[in-house]
Structures are given as C-alpha cells and as structure tokens.
Amino acid sequence: MAIRSDERAAAILVAGGRSERLGDDKALIPLGGKPLVQWVFDALKKVFDTVIIAASRKEHFSFLGVPVVPDRLANAGPIAGLHAGLLHLDAPCAFASGCDTPFLQEEFLRFMRGEYRGEEALVPVVQGRVQPLHGIYAKCAAPRMEAFAQVGRHGGVCKFLEKISTRYLHDDAADFSRFADSFLNVNTPQALREAEARAGRK
C-alpha cells in the first residue's frame, strides 16, 4: 500500500562522493548563500519525518543536526550510502536523494511517497534515464545490496535495481515534466552557474 500520512517516513541524503568535475566536495559547494546539501536537506524535511546523511566525513555535516552514517561497504559507490542508511533507519522504507539536486520539489517528493506500494524499490525513469537517487527503497533490500557489493558486481545502483523487485515509473505513467526542477543536477561548472542564476530568482 502507499505510505500512509501517519506512517513513519524517512529519507537518506547520499553525500559521500567527491566531484571530479567541480573539483571539490560537491555537497558543500555554496549556492545562494548555503551549501548544496542544505538545499536538498531542507526540501526533504518538508515531507519526511526523518532525514539522515550517508557520508564518511561526519564533521562536515554536523551543522545539519541529524545523524551522519558512514559506509559499511567498501568501494561500492552510492549503493554503499543507501545500504548504510537503510540499516540505520527504523522506518520500513526511505526515499533516497543525492546532494546535487538543489531544486528538489515538495510536490515531487509527495508524489513519490504516495506512489509507493511496498516494492523493494520504486524508481522514476525520465526521458529514458533511470533515476536511482530519486527513488524509494525498502529496508529489506539492504541485505541484497550487501550481497551485490560483496561479489564485485559492476554497474552501480542501476544494475542492482535489475536484481530486485523494482517498479519503474516511466514518463507515460507519470508526467515528470511537472517535476523537471527536481531532476536538475549540479555536477559541472556550467550547471553550477545556471543554478546560481536560478537561486538568485527564488
């Protein structure tokens, strides 16, 4: 069933990676007077009762005032952050977000929360591209993430999604054009400049 309005709902903000293209810790790059991660965190807090950060450098995110959970899986990329976050949480599932989508929309988050039916994963596919860090993951998927990582599988989260019970939400089933801002990634200098201009108009 969908997540009830009175049911505990959680979110994992994956902020452990470094950006080669931006040349810095991407989560902490300033945008409109606050770091990128703060934009995402503020959006998640509007919809989810609990938000935790998945990152290795706890001291970098203490200003957010929530638990910072380090990876338990070595060299597993974002899947390690999802795994650590799910193990830490008491909630039966969690929305997963990266740290580089500062214009994440409350309406999109509520839409995803309402669409969840108990799958191991619920993930949007926008213009043919799977969006694993805009999806909801069941806590019961954590052991399978560990098994997937331990056998040295390549392909990251998208490949993992093919191994579990994933429901993909495609454009023809959900009008994601209304949530276009939620999928804007800040992962290049040009994207950062465009985001700064957009932030200045808010």
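Before looking at strand partners, I noted the rule: two strands pair if DSSP finds at least two bridges between them. Helices (H or I, at least four residues) and strands (E, at least two) are DSSP runs, numbered from the N terminus.

Ground rules next. This is a predicted model, so I kept in mind that local features need pLDDT of at least 70 and side-chain atom pairs count only at pLDDT 80 or more, while totals for chains, interfaces and linings use all residues. Residues are numbered from 1 along each chain as its sequence is written, and side-chain values use heavy atoms, with hydrogens and water left out.

**Entry: strand β1.** I looked up the neighbours of β1 and found β6 paired with β1 in the parallel sense over five bridges. The bridge partner of Ile-12 in β6 is Ala-96. β4 also runs parallel to β1, joined by five bridges, and there Ala-10 stands opposite Thr-50.

Then I checked burial, where buried means under 20% relative accessible area, exposed over 50% and partly exposed in between (1.4 Å probe, protein chains only). Five of the five residues of β1 are buried. Ala-10, Ile-12 and Val-14 lie on one side, with Ala-11 and Leu-13 on the other, and both faces are covered.

**Entry: helix α2.** I found eight of the 11 residues in α2 (residues 78–88) buried. Among them are Ile-79, Leu-82, His-83 and Leu-86.

**Entry: nonpolar cores.** A nonpolar core here is a set of buried Ala, Val, Leu, Ile, Met, Phe, Trp, Tyr and Cys residues joined through side-chain atoms within 4.5 Å. Which members of the largest core touch the most others? Of its 37 residues, they are Leu-44 and Ile-53. Elements that each supply at least two residues of this core include β1 (10–14), β4 (50–54) and β7 (121–126). The largest share, five residues, comes from α1. I also saw a second, separate core of 28 residues, which includes Val-14, Ile-52, Ala-96 and Ala-142.

I followed up on Ile-53, taking contact as heavy atoms within 4.5 Å. Not counting residues up to four places away in sequence, Ile-53 touches several residues, including Leu-13, Phe-41, Phe-61 and Val-69.

**Entry: cysteines.** I searched for disulfides, each a pair of cysteine sulfur atoms within 2.5 Å, and the structure holds zero. For Cys-93, the nearest cysteine sulfur is that of Cys-140, 9.7 Å away. Cys-93 counts as buried because its relative accessibility is 6%. Cys-99 is buried too, with a relative accessible area of 6%.
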